[in-house]
Amino acid sequence: MEFIQFHPTALYHPGDRPSFLITEAMRGYGAVLRNLDGEEFMHKYDPRLSLAPRDIVARAIDSEMKLHGTDHVFLDVTHKDPEETKKHFPNIYDKCLSLGIDITTDMIPVAPAAHYLCGGIAVDLNGESSIRRLYAVGECSRTGLHGGNRLASNSLIEAVVYADAAERHAAEHISGYDFRSDVPEWNDAGTSHPEEMVLITQSEKEVNQIMGYYVGIVRSDLRLKRAWNRLDILYQETENLFRRSTPSRQLCELRNIINIGYLVMRQALERKESRGLHYTVDYPHPSTANPGTPAEPGAPTTL
Ligand SMILES: Cc1cc2nc3c(=O)[nH]c(=O)nc-3n(C[C@H](O)[C@H](O)[C@H](O)COP(=O)(O)OP(=O)(O)OC[C@H]3O[C@@H](n4cnc5c(N)ncnc54)[C@H](O)[C@@H]3O)c2cc1C
């Protein structure tokens, strides 16, 4: 769960969800990354400059943003022929223009955005999880095919290949399924609707911030522990709220994102190395002791 891919160049336009991506092909075309002072910076991070791989570029941008205390950097394509740029990137041109950015004359504000989770529910070649007959297909699954990093544009493997495998397997094994019909109805006696939605929406924002600030592209033990302590408070508050509330979609989603955040943090803390999409300043190199294997799980605290 610690292997989260960030796309380096999402259009920086706060409030725009999902983020609009500025394709990496634009850097291949010659676009250059610059900080807010207009200076190129990739030479400080990788000899391949703006053509370095996704994870390296995302880390470089993150580092520049932290150095300068800014929320974004720029992608500059203004030195290229305007007509060529419009021809190559018509959608990006239109989208940016709709926000008042003419990419042939203006630099494009960009920031990294969470893009793909390489970890997830462990499945076998049939897409079946460790719970018999429960299949996990798509980005929520961990097939292992991506390892700790992932090449661009290959979601089809999980989405199509595994969907097909899971469907075949399920169809072959459907006969003879015994279904239980004696599951009792959910008992919500003694609960009430949360009196204030803000209790849920504010907590959601806090999880978002905790994950963004402390568990993002570049990690450290200190940041992860700080995140852990803060998430623990939200976890306890949310569990208390859940126990006395009539379940709602929003409340269940909040519990789920807290659980996901917890798993990402715990596994990030356990991995005492940098590998693939997990980078920590405390252990900046891959461990040779146990390649690909996380350290033994430590005893979780209260979470
Ligand atoms: C901005 C962006 C751009 C990307 N570009 C590319 C790309 O160019 N190439 C590439 O290969 N990959 C790309 N990816 C990754 C790729 O889009 C995802 O990996 C892929 O869509 C995952 O498919 P999925 O079916 O697992 O999940 P999703 O596509 O997220 O589908 C999950 C579905 O479940 C629904 N759902 C969620 N909760 C519930 C619920 N409780 N009940 C019922 N339905 C529910 C959602 O509404 C959604 O329709 C991109 C990702 C992002 C974020």
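Visitor: Which domains each give at least three residues to the shell around the ligand?

Guide: Two of them: domain 1 (4–115) and domain 2 (121–173) each supply at least three residues. One caution before we go in. This is a predicted model, in which local features need pLDDT of at least 70 and side-chain atom pairs count only at pLDDT 80 or more, while totals for chains, interfaces and linings use all residues. Residues are numbered from 1 along each chain as its sequence is written.

Start with the shell. Pro 18, Ser 19, Leu 21, His 115, Tyr 116, Gly 138, Glu 139, Cys 140, Ser 153, Asn 154, Ser 155 and Ala 159 surround the ligand. Each is near it in the sense that its C-beta atom, placed from the backbone, lies within 6 Å. By class, 5 are nonpolar, 6 polar and 1 charged. Here Ala, Val, Leu, Ile, Met, Phe, Trp, Tyr, Cys and Pro count as nonpolar, Asp, Glu, Lys and Arg as charged, and the others, Gly among them, as polar.

Now the setting. The chain has a further part, domain 3 (194–303). These bounds come from an automatic or database domain assignment. The centres of domain 2 and domain 3, taken over C-alpha atoms, are 24 Å apart. The C-alpha trace spans about 70 × 45 × 45 Å along its principal axes. In all, the chain holds 8 helices and 6 strands. Both are DSSP runs numbered from the N terminus: helices are H or I with at least four residues, strands are E with at least two.

Tyr 116 belongs to the ligand's surroundings. In β4, Tyr 116 is also the bridge partner of Gln 5. Ile 4 has Leu 117 as its partner in β4. β1 and β4 run antiparallel, joined by 6 bridges. Strands count as paired when DSSP finds at least two bridges between them.

How enclosed is β1? Of its 8 residues, 7 are buried, so the strand is largely enclosed by the rest of the structure. Buried means 20 or more other C-beta atoms within 10 Å of a residue's own, exposed means 12 or fewer, and partly exposed is in between, with C-beta atoms placed from the backbone. Across the 303 residues of the chain, 29% are buried.

β3 and β4 are antiparallel, over 3 bridges. Val 73 has Val 110 as its partner in β4. Phe 74 stands opposite Pro 109 in β4. Strand β2 (residues 32–34) pairs with β3, again antiparallel and over 3 bridges. There Arg 34 has Phe 74 as its bridge partner in β3.

Next, the packing. The largest nonpolar core has 27 residues, and Ile 22, Ile 61, Leu 75, Ile 108 and Val 110 have the most contacts inside it. Such a core is a set of buried Ala, Val, Leu, Ile, Met, Phe, Trp, Tyr and Cys residues joined through C-beta atoms within 7 Å. β1 (4–11), α2 (54–68), β3 (73–76), α4 (90–98) and β4 (108–117) each give two or more residues to this core. α2 gives the most, with 4.

Look at Leu 75. Beyond its neighbours within four places in sequence, Leu 75 is in contact with Thr 9, Ile 22, Met 26, Ala 31, Leu 33, Met 107, Ile 108 and Val 110. Contact means C-beta atoms, placed from the backbone, within 7 Å.

Most residues other than glycine have a negative phi. Leu 49 has a positive phi, near 50°. Leu 49 sits in the loop between β2 and α2. With 17 C-beta neighbours inside 10 Å, Leu 49 counts as partly exposed. Arg 133 also has a positive phi, about 70°. Its loop runs between β5 (121–122) and β6 (141–142). Arg 133 is exposed, with 11 other C-beta atoms within 10 Å.

Definitions and conventions
Contact = placed C-beta atoms within 7 Å.
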